[in-house]
Amino acid sequence: MSNSLGYACVNMQLAHPKKYLESNASRIFSARTMIKKTFMDKGVSYASEIALKNCIDLFEIIKWNKANKFNFFRVSSDMFPWSSEYELIDLPDYLEIKSCLKKIGNFASENNMRLTSHPGPFNVLTSPKESVVLNCVKDLSIQGEVFNLMNLPQTPYSKINIHIGGAYGDRQSAMERFCQNYHLLPDYVKKRLTVENDDRDTLYSVKDLYYGVYKKIGIPIVFDFHHHKFCDGGMSEKDAFNMAVSTWGNIKPVVHYSESRSIEKNDDSIKPHAHSDYVYDYINTYDTDVDIMIEAKCKELAVLKYLEKHGKKYC
């Protein structure tokens with residue numbers, strides 16, 4: 001099989017060179033941000049400076065990924081601090097940012113690397129509050145604009161993945177709101193959007209998303225192995241996996257994999273939903289080619305450790 005294993009947002013060795021590489025090199029990190037007070041004091045020019053640094057460092061991470069055979073990576077959604085408060089084109093460093101993002105996208109394309117994103121949980125298209133929905137539309141539009149500047153495909157290959165949001169006591173009507181509010185998004189977001197099953201049985205299983213979202217508006221479903229353990233919709237892992245994978249058409253599906261931190265640490269006081277530092281079990285993809293996003297806290301180190309244990313069997 002040609003499954004690729006990816007990691008999300010932060011490269012531990014580059015972000016913490018002293019700890020992992022015994023090096024005094026500068027940190028390479030693409031999610032610098034600032035508190036609201038700093039933004040209010042220093043304004044858009046400082047946000048622009050930080051954003052440019054994030055873009056430059058993202059390119060370094062992508063180049064490291066290529067050199068180390070990581071062809072699947074989740075780009076941080078925090079590259080542009082307080083981006084809801086300005087337009088990207090108004091940033092003083094916009095031309096440099098635009099040039100850097102274009103180079104990153106070209107490099108990824110030339111080297112057959114897949115870049116995706118997973119904007120935060122405040123993106124709630126199911127909300128009955130108009131202001132929450134409009135903020136979500138703004139945030140997702142910014143993520144889509146960043147991917148446009150990188151010339152990434154306007155397909156789920158370059159997915160912008162979200163959870164659909166709260167149920168507000170009525171899952172069916174909430175999913176209907178999601179489908180209605182989806183049409184508020186620009187096409188370059190809609191074409192990339194995917195949804196993911198939740199880790200609480202009061203929210204959305206793969207089956208819920210399949211019939212309540214995919215069947216209505218055609219959005220692919222990202223199967224999360226760990227979440228399925230807590231919200232299975234009455235389906236086996238294999239059946240839910242296959243149902244989610246079937247929504248991707250001719251685009252290679254993405255799945256998420258993590259394990260329980262409470263089991264890893266043998267500590268019942270830790271919520272079982274929490275993600276472990278590393279992953280240990282063999283990932284069964286049921287003879288299906290998918291790209292696997294490893295959502296472990298130790299990022300690329302977790303993938304490397306997994307491959308040490310399972311690499312021969314996996315390949």
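Biologist: Let's start with Asn111: which residues does it touch, not counting those up to four places away in sequence?

Modeller: Keep in mind that this is a predicted model. Asn111 sits in the loop between H4 and strand S3 (114-117). Leaving out residues up to four places away in sequence, its contacts are Lys66 and Asn71.

Biologist: And how far apart in space are Asn111 and Phe178?

Modeller: Phe178 belongs to helix H6, where it is one of the residues that meet H8. Along the sequence, 67 residues separate Asn111 from Phe178. Going C-alpha to C-alpha, the distance in space is 36 Å.

Biologist: You mentioned H4, so let's look at its packing. At what angle do H3 and H4 pack?

Modeller: Packed helices in general are described by an angle and a distance, both taken from their axes. Here the pair is H3, residues 36-67, and H4, residues 94-110, with axes 10 Å apart. The angle between them is about 15°.

Biologist: Why do we call H3 and H4 roughly parallel?

Modeller: The angle for this pair is about 15°. Angles under 35 degrees count as roughly parallel. H3 therefore ends up, relative to H4, as roughly parallel.

Biologist: Which residues of H4 meet H3?

Modeller: On the H3 side, the contact includes Ser48, Leu52, Phe59 and Lys66. By class, the contact has 12 nonpolar, 1 polar and 4 charged residues. From H4 come Glu96, Ile97, Cys100, Leu101, Lys103, Ile104 and Phe107.

Biologist: Is the crossing of H3 and H4 left-handed or right-handed?

Modeller: The axes of H3 and H4 are 10 Å apart. As for the hand of this crossing, it's left-handed.

Biologist: Which residues of H8 meet H6, then?

Modeller: H6 passes H8 in a right-handed crossing. By class, 6 nonpolar, 2 polar and 3 charged residues make up the contact. H6 brings Arg171, Gln172, Met175, Phe178, Cys179 and Tyr182, and they meet H8 at Asp208, Gly212, Val213, Lys216 and Ile217.

Biologist: How many charged residues are in the lining of the largest pocket?

Modeller: Sorting that lining by class gives 19 nonpolar and 15 polar residues. The number of charged ones is 11.

Biologist: What about the second largest pocket: which residues lie nearest its centre?

Modeller: About 300 Å³ of space lies in this pocket. Its lining has 19 residues, and helix H11 gives the largest share, 3 residues. By class, there are 8 nonpolar, 6 polar and 5 charged residues. Nearest the centre are Lys229, Tyr257, Glu259, Ser260 and Asp281.

Biologist: Last one. What is phi of Asp287 near?

Modeller: Most residues other than glycine have a negative phi. In the loop between H11 and strand S8 (291-294), Tyr286 has a positive phi near 50°. Asp287 lies in the loop between H11 and S8, and its phi is also positive, near 60°.

Methods: Residues are numbered from 1 along each chain as its sequence is written. This is a predicted model: local features need pLDDT of at least 70, side-chain atom pairs count only at pLDDT 80 or more; totals for chains, interfaces and linings use all residues. Side-chain values use heavy atoms; hydrogens and water are left out. Ala, Val, Leu, Ile, Met, Phe, Trp, Tyr, Cys and Pro count as nonpolar, Asp, Glu, Lys and Arg as charged, and the others, Gly among them, as polar. On a 1 Å grid over the protein atoms alone, a cavity is a set of points where a 1.4 Å probe fits but cannot get out, and a pocket is an open set with protein on both sides within 12 Å along at least five of seven lines; lining residues have an atom within 4 Å of a point. Grid points are joined across faces, edges and corners, and a volume is the space filled by probe spheres set on the points. Helices (H or I, at least four residues) and strands (E, at least two) are DSSP runs, numbered from the N terminus. Axes are lines fitted to C-alpha atoms, for helices over the stretch in contact, and angles run from 0 to 180 degrees between N-to-C directions. Angles under 35 degrees count as roughly parallel, over 145 as roughly antiparallel, 65 to 115 as roughly perpendicular and the rest as oblique. A crossing is left-handed if the near helix is turned anticlockwise from the far one by less than a right angle, and right-handed if clockwise. Contact means heavy atoms within 4.5 Å.
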